[in-house]
Amino acid sequence: MTVRNLDKLFKPQSVAVVGASTEARSVGALVMRNLLQGGFDGPIMPVNPKHEAVAGVLAYPDVDSLPACPDLAVVCTPPPVVPGLIDQLGRKGTRAAIVITAGLARTKDDGHTLQDAMLEAAAPYDLRILGPNTIGLLVPGIGLNASFAHLPARPGKVAFVSQSGALCTAVLDFANGRGIGFSHFISLGDSADLDFGDVLDYLGSDPTTRAILLYIESIRLRRGFMSAGRGAGRNKPIVVIKSGRGAEGAKAAASHTGALAGADDVYDAAIRRAGMLRVYSVGELFAAVETLARAQPQKGDRLAIMTNGGGIGVMAVDELVERGGRLAELGEETVAKLDAVLPDTWSGGNPVDIIGDAPGQRYADVARILLEAKEADAVLAMHAPTAIASSVEAARAVVDVAKGSKFNLLTSWVGETAVAPARTLFNEAGIATYETPGRAVGAFMHMVRYRQNQEMLMETPDSAPAEFTPAVAAARLVVENVLAAGREMMSEPEAKAVLAAYGIPTVETHVVRTPEDAARLACDMGFPVALKILSPDISHKSDVGGVDLHLDTPDGVRSAAEHMKATIAKHLPDAELQGFTVQKMALRPGSHELIIGVTTDPIFGPVILFGQGGTAVEVIGDRAVGLPPLNMTLARELISRTRVSRLLKGYRDRPAVDMTALRLSLIQVAQIVVDIPEIVELDINPLFADDKGVLAVDARMRVAAAGTVSDRRLAIRPYPKDLEEEFALHSGREVLLRPIRPEDEPEHYEFLSKITPEDIRFRFFGLVGELPHTEMARLTQIDYDREMAFIASAEKEGTRDRETLGVVRTITDPNNEDTEFAILVRSDTHGQGLGSKLLDKMIRYCRSRGTRTMVGQILADNSRMLDLAKGMGFSVRNLPGEPAVEVKLAL
């Protein structure tokens, strides 16, 4: 994944059409027509050996005959000649191509495909390919319509990226009819080279793109998608439609978790964790991006509603509750203010019914009070047209109040002809307005969900959480023994041993061979006990009569074991019965039965599941899915997305669950899969939870040999705590070198404020003012897969607060060949050995990753930095005509 040469694709200076045609309605003819009609400024060169001209433009017989090297080539030829054409274009110097041709993915007799040959031809030249099987690309801002779409796209600030060609044309039709424009309109096609990750990387930093819309059918590269999505999502809204919501493969799962965590649930979790917003229709797609573009940052989910009609107010409340929002509870102070400006017959609460005869002044008074109310996070103003009050006057009053507010105000003037002028006022004022109460509430919930997802985006869990210290070696030993025995499924005692190694409380469990052994052991343990069959061939023991509870006599235990043995022999004669497990009965009256599990998604890798447990877990279907790693904040959010979470808070005489212990158990399970990649499936069902804590009553795990598990199995890389190290400055001051984290942003502002203007010039090649939040977020919220920044952090003198003394950062190309570095040390710490320590730390890190070369640019008059680089072994090369020199180190 890389943005290399994507400027040639999205901002070409010249275009060649290979396979341009004079045949009406052919792809080659349509592409030529669209390019010529689009207003593209650069040369357009058709390539066709059969015609002297195409669409009135001089044609060339082959690529070699082109008078100049095209930045971009559009290929619309039969499949067999595509690989050869890509090679010719690469040799010519072209660095981007749109391959419209379909049918390249079919396997030939030799087992290879034309698509493979095409990519092999492109590789030596770093030639980037959009497609094959694509409609093409439109960049209206530069007049580029390199597609065979039936309509052009209007210029705008929204980018649309789709895997479906059919949806591309439908969206173009939809957008044209509503005057919606685009910065980029991209049909990915089969994504042989260019995929969502590449495009998100490019669009995320593109100044002409305000928001990004995605239509996703499937993702191939999870790390690339998540990494690029999280990076772009920090800068601008990303709204997603994901099709194909079925859960394939659930029947083959060995655990409840595997059956419950459907494919769509996992996509939902990934989209949420990347800070994107998911919607479910094309109309909702554009409505959401318009709402987010106009909205202030949303603070919470409490909505205050004002309306001149009770019916539409009730409709809005119903929609809000159904979508999971909250109706703001108006306080006494707010109600008193409303009493002073409203008739005695007003509703007295939220929604605020201001009565059908409400003039503009009443709208203004109520809107102002609600926008100032501390108990509301946003206001929805609604209006139904009446004969005794002006819709336009009411709208103008709301517009005037909204101008001075920092909170979100949404509007819904219900109707059509009578309220059209009012809606025009709202649009001109940049205030979001909606035709119906349902759409208005839906827009509010888009803002709420987007804020929640953005908060999740900022979370960076540790690779080694501070809340507990697992016995990793003990857990690994259990896994290694299971694999050495040639088994996939752990026994229940083995699974519980792994849980216990990570600090998860478990029920005392012992293994016996015979019914007589079970009876003797039960006497030693004390009654009552639970008895379960032990078989590697039976995963869900209760389904086959393999569980008996509350046994309180030796004879009862012996009889239950004999009965289980006979039942298994009759109904599952091929199952291997290894014996029984005997457990102390977990007597936790009033506890909740929950499930925590792990399954491995074929695309996004390990996922964590939480929900209501017990034997009816699949029937109840109350679960939520998240991606590891987790921390307390992410665990809380995961729990909150289930229905059972409301019961866990306590009700009537049932006390609230110890939520700290429950969240910690989720973090512990997530850490198991971070540390031990061989564990590919895990179930704790039931997990008892009450005010005393949690207890794992039953557990199962499935393992796979390390050779079959990807090293990059996690969709999100955790904070690499293992890279932290301490050292002392020459003055003796203790300093911690560690990777940067999102929460370092405030200290980073303070750090930059203590840099002298000269040092700022040396670092940024010029003077810069205070960086905006968006830029500072890019510096502190990094993706550890593609970049690294180590900061030097130390305690402030006389306090326990910490401050940043220096930072070194690198950005590495996706091929891990070259990395560019920059370093900045606080001006008052020069001469303390900090710069050399930071640079040495980064060199060691890049070497450990296998990066080949480290490069940087240093202003020629920055003698201190040049001396440091030379001392660390960097070579120096002058850059003609530039004020800087290039330093390079072979790693």
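Leaving aside its neighbours within four places in sequence, with which residues is Q115 in contact? The model examined here is predicted; local features need pLDDT of at least 70, side-chain atom pairs count only at pLDDT 80 or more, and totals for chains, interfaces and linings use all residues. Residues are numbered from 1 along each chain as its sequence is written, and side-chain values use heavy atoms, with hydrogens and water left out.

Q115 contacts L104, A105, P132, D190 and A192, where contact means heavy atoms within 4.5 Å. Q115 belongs to helix 4 (residues 114-122); helices (H or I, at least four residues) and strands (E, at least two) are DSSP runs, numbered from the N terminus. With a relative accessible area of 15%, Q115 is buried. Buried means under 20% relative accessible area, exposed over 50%, and partly exposed in between (1.4 Å probe, protein chains only).

A495 is placed in helix 18 (residues 492-501). Residues up to four places away in sequence not being counted, A495 touches M490, A699, R700 and M701. Between the C-alpha atoms of A495 and K236 the separation is 44 Å, and these two residues are 259 apart along the chain.

The structure holds 47 salt bridges, a salt bridge being a side-chain nitrogen of Lys or Arg within 4 Å of a carboxyl oxygen of Asp or Glu. One of them pairs R278 with D264, with 2.7 Å between the closest N and O atoms. R278 lies in strand 14 (residues 277-279) and D264 in helix 9 (residues 263-273), so this pair ties together parts that are 14 residues apart in sequence. R278 is buried, its relative accessible area being 3%, and D264 also counts as buried, at 12%.

Helix 9 also contains both R272 and D268, which are four residues apart, about one turn of the helix. The side chains of R272 and D268 form a salt bridge at 3.1 Å, N to O. R272 is buried, at 14% relative accessible area.

In another salt bridge, the closest N and O atoms of D377 and R302 are 2.9 Å apart. This pair links distant parts of the chain, 75 residues apart: D377 is in the loop between helix 13 (360-372) and strand 18 (378-383), and R302 is in strand 15 (residues 302-307). D377 counts as buried at 8% relative accessibility, whereas R302 is partly exposed at 24%. Elsewhere, salt bridges that share partners join R733, E750, K754, K796, E803, R826 and D828 into one network.

The axes of helix 10 (residues 282-294) and helix 16 (residues 437-458) come within 9 Å and cross at roughly 70°. Axes are lines fitted to C-alpha atoms, for helices over the stretch in contact, and angles run from 0 to 180 degrees between N-to-C directions. Helix 10 is therefore roughly perpendicular to helix 16, a term that covers angles of 65 to 115 degrees. The crossing of these two helices is right-handed, which means that the near helix is turned clockwise from the far one by less than a right angle.

At this contact, E284, A288, T291 and L292 in helix 10 meet A443, H446, M447 and Y450 in helix 16. By class, the contact has five nonpolar, two polar and one charged residues. Here Ala, Val, Leu, Ile, Met, Phe, Trp, Tyr, Cys and Pro count as nonpolar, Asp, Glu, Lys and Arg as charged, and the others, Gly among them, as polar.

Conventions: Angles under 35 degrees count as roughly parallel, over 145 as roughly antiparallel, 65 to 115 as roughly perpendicular and the rest as oblique.
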